[in-house]
Structures are given as structure tokens and as C-alpha cells.
Amino acid sequence: MGLGKLSRKPCFLTIKQKMNIILIGFMGSGKSSTGRKLAKLLEYSFVDTDSAIEEDQGCSVAEIFKYGGEECFRKMETRLLQKLKNVENSVIATGGGIVLREQNQRLLQEIGKRVYLNVPQEELQQRLKNDRNRPLLKKKDPETVVQKMMKERVLLYEQAEYIVDAGQRSPQKIASEIINKLCNEDYDNNF
């Protein structure tokens, strides 16, 4: 499927250089799977911040949390974002807590267009209920943890340039909607 078929207006994303798309949202919202689809459709590079940190450190995010703590991991995210200021034409899937540091919020704005993948809390609870790889959900009551974390983060996520409903939708459909939003903005800015 070509980009032109996704929007009724011509899309200039293929002409515009130096654009990055940053996917933010809560853990389990589909940032990585949507990001891969989106990068493929746009023929952009794909970066998953958690995977990049794991590769750089030679261990899992869970191990970083276990041995270094959350603050150590958040510093690693900041260092990675500083490096990502030099990338172009990339889709970047971020960790759910990357927005918690003010410095990261500024860096994300500098790097590209932020897209918040919004998933209803009940659906997130379902998606995450059997996931044992999330360090912040290893507490006794993951539902309460998710509620508290959502309350802390939702206003930060909503500062994104775009908000996309990612509940009960495939990564392909979410990626197509993101492209449509970007194409419509690009069209409006060029005419």
C-alpha cells in the first residue's frame, strides 16, 4: 500500500527530510509493534529505546532496574535521547516512563513529532496482567501500580503533538492513522 492511498490529500512526508516520529505511551500500548510497522511504511529507520539500552548495556531492562534501580535506567534513557538528536527519518518507540524527566520531555520535543498511543486503562490492565517482564509491575498489586502510574503520566503523554486511539486496533491501522495525521498536517503547512 502506497502512502498516497492512506490520505485523500497528497502526502509530502516522502519529500520532507529530517523528520522523526516518536511514539510515547504507557507500557503495553503497542509502541514497539506499531513503530516497526510505521517505519516500514515510511521507509524510515526504527529505534526502540529499551532495546537500544539493553544492547548498549549487555543486559535486560529488568536487570538494570534490579541492580541499578529506576533512576539509573532513567539516566540511560536521557543519554540515549541526547544521541538520538542526531538521527533523521526515524521512528522511535520509547519506554513508558521516558516522559517522567523534564530533561527528556525537552529532548523528545527537539528530536521529533511525538505521538501518544492512548489505550484505555482497562485494556492496558488486560494486556499487562500476565506480563512478568515489566520491572515496575513486579509488585504485589500490579493493578494499583498501573492506576497510580497512569495518573502520574497521562498529562505528560497528552502533551504530544498527536494523540491516537490505540485500543482494540492493529499496529497496521494505528500506523496508517499516524501517517494520515502527519500527511494532513504536512499538506496544510505546504498550501
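A cavity is a set of grid points inside the protein where a 1.4 Å probe fits but cannot get out. Keep that idea handy for this tour of a predicted model.

**Stop 1: the whole chain.** Colour by secondary structure and you'll find eight helices and five strands. Start at the N terminus and trace the elements along: they go β-α-β-α-α-α-β-α-β-α-α-β-α. The chain has 191 residues, and 46% of them count as buried. Now think about which parts of the chain touch. Take the contacts between residues at least 6 apart in sequence: 75% of these join residues at least 24 apart.

**Stop 2: helix H1.** Select residues 31-42, the twelve residues of H1. Next, which residues of H1 are buried? Highlight Lys31, Thr34, Gly35, Leu38, Ala39 and Leu42. These residues cover an arc of only 135° around the axis, so they lie on the same side of H1.

**Stop 3: the cavity.** How many cavities of 30 Å³ or more does the structure hold? There is one, and the largest cavity has about 40 Å³ of space in it. To see what surrounds this space, select Ile24, Val99, Gln105, Leu108, Arg114, Leu156 and Gln159, which line the largest cavity. Colour that lining by class and you get four nonpolar residues, two polar and one charged.

Notes
Residues are numbered from 1 along each chain as its sequence is written. This is a predicted model: local features need pLDDT of at least 70, side-chain atom pairs count only at pLDDT 80 or more; totals for chains, interfaces and linings use all residues. Side-chain values use heavy atoms; hydrogens and water are left out. On a 1 Å grid over the protein atoms alone, a cavity is a set of points where a 1.4 Å probe fits but cannot get out, and a pocket is an open set with protein on both sides within 12 Å along at least five of seven lines; lining residues have an atom within 4 Å of a point. Grid points are joined across faces, edges and corners, and a volume is the space filled by probe spheres set on the points. Ala, Val, Leu, Ile, Met, Phe, Trp, Tyr, Cys and Pro count as nonpolar, Asp, Glu, Lys and Arg as charged, and the others, Gly among them, as polar. Helices (H or I, at least four residues) and strands (E, at least two) are DSSP runs, numbered from the N terminus. The expected span of a helix is 1.5 Å times one less than its number of residues. Buried means under 20% relative accessible area, exposed over 50%, partly exposed in between (1.4 Å probe, protein chains only). The arc is that of the directions from the helix axis to the C-beta atoms. Contact means heavy atoms within 4.5 Å.
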